[in-house]
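Here's a quick briefing to read with the model open beside you. Take it one topic at a time.

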Amino acid sequence: MTDSIMNNPRIDDTTMHNKTIADIIAGLDAGEFTSVEITQHYLNRIKQLDSSYNSYITINEESALAQAKAADKRRAEGDAPAFCGVPIAHKDIFCTNGVRTSCGSKMLDNFVPPYNATVVENFANAGAVILGKTNMDEFAMGSSNETSFYGPVKNPWDTNTVPGGSSGGSAAAVAAQLAPGATATDTGGSIRQPAALCGVTGLKPTYGRVSRWGMIAFASSLDQGGPMARTAEDCALMLNVMASFDPKDSTSIDQAVPDYTDNLNQPLKGLKIGVPKEYFEEGLNPGTEQAVRAALAEFEKQGATLVNISLPHSKLAVPAYYVIAPAEASSNLSRFDGVRYGHRCEDPKDLRDMYMRTRAEGFGDEVKRRILVGAYCLSAGYYDAYYRKAQQARRLIKQDFVDAFEQVDVIMGPTSPSPAFEFGSKGDDPVAMYLEDIYTIATNLAGLPGMSVPCGLVDNKPVGLQIIGNYFDESRMLNAAHQFQQTTAWHQQAPAGIALKGKDVGGAK
Amino acid sequence: MTIERADIEKLAELARIELNEATIAETTKSIADVLALVDQLQAADTEGVEPMAHPTDATQRLRTDEVTETTHREDFQAIAPATEAGLYLVPKVID
Amino acid sequence: MEWETVIGLEVHAQLATKSKIFSGSSTAFGAEPNTQASALDLAMPGTLPVPNEQAFRYAIMFGLAIDAEIEKASIFDRKNYFYPDLPKAYQTTQLDKPIVGPGHVEIELADGSKKSIRIHHAHLEEDAGKSLHEGDFEQGMSGIDLNRAGTPLVEIVSEPDISNSAEAVAFAKKLHSIVTSLGICDGEMSQGSMRFDVNISVRKPGAELGTRTETKNLNSFRFMEDAIALEVERQIDLIEDGGRIIQETRLYNGDTKQARSMRSKEEANDYRYFPCPDLLPVVLDDDYIESIRQTLPELPDAKHDRFMEQYGLSSYDANILSGDAHMAQFFETAAKTSGETKLTANWIIGEVSARLNTEDLSIKHCPVSAEQLAGMVARITDGTISSKMAKQVFEGMWNGEGDADTIIDAKGLKQVSDSGAIEALVDEVIANSDKQVENYRNTDESKRPKMLGYFVGQIMKASKGQANPKQVNEVLLKKLNELL
């Protein structure tokens, strides 16, 4: 198989995967190659290279090729949507009809849903080809992809380090160019933080922009699905497909979906960028700070103005999140009881035994911890002090942003306090891990859209710039990111070692 | 807010998760750590602030009353741990 | 009286919507297990609820009928606990901001006295599925059917204003009558459309409230009455013996007439209520609520008063006939068709109700239609049959033998009203009853009416009961007196 591809004059397998989604669409449009060809290319790469990264849980070789074939046919018939034939991967949190959807957990290791998430359905209708399901922290709880039942994902930039989480698999797959784009989800930073750590572009939309139907719930009032790819333009192309009003999701907002590529090229002159002082305090890695400030200077060069702002309740974000998210999760994960699907323990001696052992066996430690914390925060006597208090803090945090957006158009800062860290380095202290999300969490609490774009390297480890937009202002965020990517090349950097065996390709430039 | 082993055991019962005797101490400690984190909330002045359960101001859409689902029992029960005669089987429920 | 009983009711009424409260599955009764359970009803990962507008409409109708304030921004909360018939391991319900606020319901007791029972609130929630402990499946297991999971319920919670089982039953019947009149619930208690939980405590007059127990899932008025009496007795006995009442949930078995404590599925359960993050506040405006008020059908109390006025019924009779919406409809159709209100009312309150009771049927399933009953009543009124013969006609109709006329012909039940025939019958009996005629002649005038019975009896026997009694009496008297 590899041979014939290596001999295929239409596919240069040393560079094919460098193509962005936009490039792929252009190439398919122009007939330079077929969807089958590019899909096969990615499948080969995954087979050869993913053992180093473990970014995929399930690879859908047969169905991907079948989808590619169908896409080529549809294109030939002339009635194809833009995305038709483009291969992507889905985070294993999106229910995919007939395909094991594990959510990174033993609890769902045998779960094959007979229905599609709306996000999956949207891509299917658009003719996309699904390469496989990517690895993730179990039930989306984590910032390092170390908690997956399927083993940790390794950061392609340095396989001794984490890719970030929970969408570590999607980030690593895109970074290692094992997919041009991948869907992901973000509850406290799970798209943006791994994007930053892996040097890719990721976007969390406004809460309610992307349907949560079929997206396995972690924290219902915080979860949002979004794209990861190597450019802002690609994210825009993916978001065009992902965003939709879904009447099956009560929290889906009925707002027209613009073409997110329309405003990419607006000049940035006059753009007011808020820089929150709270995001540049202690705990921020100096190398990261430097890269971020250099990025901000780039924006100034393009005519934007930096405005110092304050988000005074920032310090409440992580504590509030670690009440609200576990509380909602503790309830959302109760359905995993061994009765109707998923794992069930062997030989339960009675009902209680079945529940207790099924859930003890099915869930990993971090998930159990959060369920117990959540139950505690909701329990009688503690509800007011914890849950109610956290929801009050949430309103204050949101108000900070609403106030800031009176003065500025977008807010920028670091995505994560430091670049990728080594496996196990956060030790036994869950809180140390939680602080990874210190800059991203508030955005979820407020329901605002946020992005991360690569903006530098520290010791050859990527650094991400976070862009936070106003409600439903994804177009503006994408515009800012795209313009930044026209005058900088951080997003074009690639880790070493991602060439197919036997091929000599340079790594980071 | 100190949390003790007995509290953890009660929570584990509520959440129906059997705790590993060997790791109970560790679990208690790590949960205590998380609670120490969230206790930082207590310092916040939230007097008169309305709790916010949703990030959006949107209100609920109501659905027209019509039957839109057909039976998919075969598909759903094909992935079930134990079924018989169209029912889901569980160890006997004692009221 | 030494002891005072304090009773509160929690009533679950299944709303008669076509689809479930949060999913588009059918709510039809009696389907094969798990054929009306969608991915959402099965709590499959990633599934989400969307509330049914009709469920809100029905709940609001109830609220308006009990004079309650309607909540304009109601919230759904999650009540978390584990049970196999609860797929999400939480029930979506309403805690802090239920759709219906405080209201009241008027009840009338057998002695004619009236009492107002306050309703604390009413809220919407979803029903759980069913657990079967025996069936065509492996022994030692329970079988779970989730068809019912997600059916919309309105839970109606009373204040503890009820003082005895008669009031409790009157209250329960009144609620039944309201929800059926409104058309929001089919009231089929045997199918579980309405279930009653009774909270009972006892105390000495003037003392503080005693500890209460809850007896759950009573689905018949008779069971409710018995269960209350049993529990009150148990509590009084226990206290008088020096014991303490434990707050617990109990189950009453109508067949064995015994109750037991439930091995509590929610023992020391902390439900950890919190607002459901998958559902947004349901905001309703005055116009919407007002438009629903405009569509309210006639309520039981109004119907009761109208029946008294329009049909000249007593309050007691009006109560029986207006109580159940189906009963009221049956009565009005029959009365209008027959043109004979009083007789129709008597037949329904008497024979029809007794028969329905014996066979445990509701008026909805009465084998005799309103039109058929009216047909029979008309034949009594026009003299074709006597009241006595009518009983046979009724029996025939009940057994599906056809309409009144068909049965009258088939069984030859026409009254003999032909004067010639009657005269002949009377003459015959008089001729064969010398002794009795002699006695009649010799008796004091005031005592003579009593002696007619013998003659009438003989005449009826000779005519196989078909002689028109009124005419028989007239002719008999005339002829006897001619002989004096």
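Which residues in α14(C) and α15(C) meet each other? On the α14(C) side they are C:L452, C:F455, C:V456 and C:I459, and on the α15(C) side they are C:V472, C:N473 and C:L476. "Meet" here is about contacts: two residues are in contact if their C-beta atoms, placed from the backbone, lie within 7 Å.

Before we go on, this is a predicted model, where local features need pLDDT of at least 70, side-chain atom pairs count only at pLDDT 80 or more, and totals for chains, interfaces and linings use all residues. Residues are numbered from 1 along each chain as its sequence is written, while chains are lettered from A and ligands numbered from 1 in the order in which they are written.

- For the complex, the predictor gives an ipTM of 0.96 and a pTM of 0.90.
- Chain A has an average pLDDT (the predictor's confidence in each residue, from 0 to 100) of 95, and 97% of its residues score at least 70.
- Watch residues 1-5 of chain A, though: the pLDDT there is below 50, and the stretch has 7 contacts in the model beyond near neighbours in sequence.
- Residues 504-509 of chain A also have a pLDDT below 50, with 13 contacts beyond near neighbours in sequence.
- Chain B has a mean pLDDT of 92, with 98% of its residues at 70 or more.
- Within chain B, confidence is lowest in α2(B), with a mean of 90, and highest in α3(B), at 97.
- Chain C averages a pLDDT of 92, and 99% of its residues score at least 70.

**Two helix pairs**

- Helices (H or I, at least four residues) and strands (E, at least two) are DSSP runs, numbered from the N terminus.
- Back to the opening pair: α14 (residues 448-462) and α15 (residues 469-483) of chain C pack at an angle of about 125°, with their axes 11 Å apart.
- Axes are lines fitted to C-alpha atoms, for helices over the stretch in contact, and angles run from 0 to 180 degrees between N-to-C directions.
- That angle makes α14(C) oblique to α15(C).
- As for the labels, angles under 35 degrees count as roughly parallel, over 145 as roughly antiparallel, 65 to 115 as roughly perpendicular and the rest as oblique.
- Their contact has 6 nonpolar, 1 polar and no charged residues.
- The classes work like this: Ala, Val, Leu, Ile, Met, Phe, Trp, Tyr, Cys and Pro are nonpolar, Asp, Glu, Lys and Arg are charged, and the others, Gly among them, are polar.
- Over in chain A, the axes of α8 (residues 232-242) and α16 (residues 474-487) come within 8 Å and cross at roughly 150°.
- So α8(A) and α16(A) are roughly antiparallel to each other.
- α8(A) brings A:A232, A:E233, A:C235, A:A236 and A:L239 to the contact, and α16(A) brings A:E474, A:L478, A:A481, A:H482 and A:Q485.
- By class, the contact of α8(A) with α16(A) has 6 nonpolar, 2 polar and 2 charged residues.

**Where the chains touch**

- Chain B gives 40 residues to its contact with chain A, and chain A gives 56.
- On the chain B side, α1 (5-14), α2 (24-38), α3 (73-78) and β2 (87-91) each give two or more residues.
- α2(B) has the largest share of that side, 7 residues.
- That side of chain B divides into 26 nonpolar, 8 polar and 6 charged residues.
- The contact between chains C and B takes 47 residues from chain C and 30 residues from chain B.
- β8(C) supplies the largest share of the chain C side, 5 residues.
- By class, this side of chain C has 20 nonpolar, 18 polar and 9 charged residues.

**Domains of chain C**

- Chain C is divided into domain 1 (4-289), domain 2 (298-411) and domain 3 (419-483), with bounds from an automatic or database domain assignment.
- The centres of domain 2 and domain 3 of chain C, taken over C-alpha atoms, are 34 Å apart.
- Domain 2 and domain 3 of chain C each put 4 residues into their contact.

- A cis peptide bond joins A:G165 and A:S166, with omega about 5°.
- A:S166 sits in the loop between β3 (129-134) and α6 (168-175) of chain A.
- A:F139 lies in the loop between β3 and α6 of chain A, and its phi is near 50°, a positive value in a residue other than glycine.
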